[in-house]
Amino acid sequence: STSPAGTSRKPSLPWVARRPASAVPSLPRDGKSPYYDPSEAPHHYVWSSKMSRARVYPDVNVKRPRSYWDYENMTITWGDQEDYEVIRKIGRGKYSEVFEGINIYNKQRCVIKILKPVKKKKIKREIKILQNLCGGPNIVKLLDVVRDPHSKTPCLIFEHVNNTDFKVLYPTLTDMEIRYYIHEILIGL
């Protein structure tokens, strides 16, 4: 393409063209990187008018039964909230607060993720993905799904994993340990 001054320039990504490269966190200043994250695009930009196709496993849902991928029509079987007791808060995120808890019947420690109000579709999607990934390598196991009978606030119950806070752990890691953890994350993906 040609710039207004008549000089030649390389074409850029659809939404990046309207923003300076310095405003796009996933691109280096030279703008030559082929890697970009569509989720970083502002919501008012149209990413693409063409339908995208995955390069890896593009037909995965065709090979699986409808129940594997159709989270919108799944029926959630809610467990009993009274089976669990909160011990202490261990974290929070944009969509949830996370607590250490205990199953009062078998005395096993667990993690209770209390979801903030979001669309039912988003909750169903998260539950379905967690159920599908259950048992995979390096995946935290979803033990139960419960909700408060009055407020209808959903909670996800996970296995408890002993860990060190990342703010404490990361500065102590060696190059080889970082490589090891990245490798383990990729195995989970």
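**Notebook: cores and strands**

I went for the largest nonpolar core first: it has 13 residues, and Ile127, Leu142, Val145, Leu156 and Phe158 make the most contacts inside it. My rule for a nonpolar core is buried Ala, Val, Leu, Ile, Met, Phe, Trp, Tyr and Cys residues joined through side-chain atoms within 4.5 Å. Buried is under 20% relative accessible area, exposed over 50%, partly exposed in between (1.4 Å probe, protein chains only).

Caveats: this is a predicted model, so I took local features only at pLDDT of at least 70 and side-chain atom pairs at 80 or more, while totals for chains, interfaces and linings use all residues. Residues are numbered from 1 along each chain as its sequence is written, and side-chain values use heavy atoms, without hydrogens or water.

β3 (109–115), α3 (120–133), β4 (142–147) and β5 (154–159) each give it two or more residues; α3 gives the most, three. Helices (H or I, at least four residues) and strands (E, at least two) are DSSP runs, numbered from the N terminus.

I then checked Leu142. Beyond its neighbours within four places in sequence, Leu142 is in contact (heavy atoms within 4.5 Å) with Ile127, Leu130, Gln131, Leu156, Ile157 and Phe158. Another core, of seven residues, lies apart, with Phe99, Cys110, Ile112 and Cys155 among them.

Next, β2 (96–103). Seven of its eight residues are buried, so β2 is largely enclosed by the rest of the structure. β1 (84–92) pairs with β2 antiparallel over seven bridges (pairing needs at least two DSSP bridges), and a three-residue hairpin joins them. I noted Tyr84 bridged to Asn103. β2 and β3 also run antiparallel, with seven bridges, Glu97 partnering Ile114. In their hairpin, with five residues between the strands, Lys107 has a positive phi near 60°.
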